[in-house]
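The sequence and the model come first.

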Amino acid sequence: MKLVATLIMTMIIFSTFSQNRERIQNVISNEKGQSYQRFGGKITVKDDNTFLFDDKFLFVTNTENKLKEIFKNGLLYPRIFGGITSDEHSKTKEQVKLSEKRDTAAIRIVVKDKLSFLFNIDSLRISDLKEVESAKVTPKSKRFEFLLFRKGLMNPTSYTVELTNDNASEETDIVTFIKGARLTNIIIGSILI
């Protein structure tokens, strides 16, 4: 009986997700060529795999150390995966709380409360971050893919992000590229089964 209930819930979640995917993409994705803000709060590296962004944890596993510079430099951080792309970190705590309530309400309207757990940004885990070599168009732009695990959701969601460094060349190493880069695109893939 539990198996049947689980299968039914899984089908409901995935059918709802596919119906709302375009609307969710519009909430989370940014226009190509625009930049997301770097994290402006306090970034604490707890250990090789644990980053603390103010009060939100992000765990990064199965990723080369040189690619973890993306997190150390504040290019990817938990609030981005909550659909918030503006410069929220420059606001006061009261303004951020009010903004979070507003953004959460807007997101819940978009997904009709059925997928609101997807926007929980506390204790996220990113795994298998790697550069997509086949996506290289110019040395100034690189794409990376990874899996994002959320609390309350057993299966990960695949993501692709694009970083752009206007000063990069063919000789620029990956760490230097990341330090001078900005996040220009986030693409949500699918929930993996």
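Tyr-77 is buried, as its relative accessible area is 3%; buried means under 20% relative accessible area, exposed over 50%, and partly exposed in between (1.4 Å probe, protein chains only). The model is a predicted one, in which local features need pLDDT of at least 70 and side-chain atom pairs count only at pLDDT 80 or more, while totals for chains, interfaces and linings use all residues. Residues are numbered from 1 along each chain as its sequence is written, and side-chain values use heavy atoms, with hydrogens and water left out.

The protein chain has four helices and seven strands, in the sequence order α-β-β-β-α-α-β-β-β-α-β. These elements are DSSP runs numbered from the N terminus (helices H or I, at least four residues; strands E, at least two). Of the 193 residues, 43% count as buried. Of the contacts between residues at least 6 apart in sequence, 61% join residues at least 24 apart, where a contact means heavy atoms within 4.5 Å.

Eight aromatic pairs occur in the structure. Rings of Phe, Tyr and Trp (its six-membered ring) pair if their centres lie within 6.5 Å; planes under 30 degrees apart count as stacked, over 60 as edge-to-face and the rest as tilted. Two of the pairs are tabulated here.

| Pair | Centre distance | Plane angle | Class |
|---|---|---|---|
| Phe-39 and Tyr-77 | 5.2 Å | 55° | tilted |
| Phe-81 and Tyr-159 | 5.2 Å | 85° | edge-to-face |

Which parts of the chain does the pair of Phe-39 and Tyr-77 tie together? Phe-39 is in the loop between α1 (2-28) and β1 (43-47), and Tyr-77 is in the loop between α2 (69-72) and α3 (93-111), so the pair links parts 38 residues apart in sequence. Phe-39 counts as buried because its relative accessibility is 11%. Together with Phe-53, Phe-39 and Tyr-77 form one aromatic cluster.

The loop between α2 and α3 also holds Phe-81, whereas Tyr-159 belongs to strand β6 (residues 157-164), so their pair ties together parts 78 residues apart in sequence. Phe-81 is buried at a relative accessible area of 1%, and Tyr-159 is buried at 4%.

Charged side chains also sit over rings. Arg-125 lies over the face of Phe-149, 4.0 Å from the ring centre, and the charged end of Lys-142 sits over the ring of Phe-177, 5.1 Å from its centre. The criterion is NZ of Lys or CZ of Arg within 6 Å of the ring centre and within 35 degrees of the ring normal.
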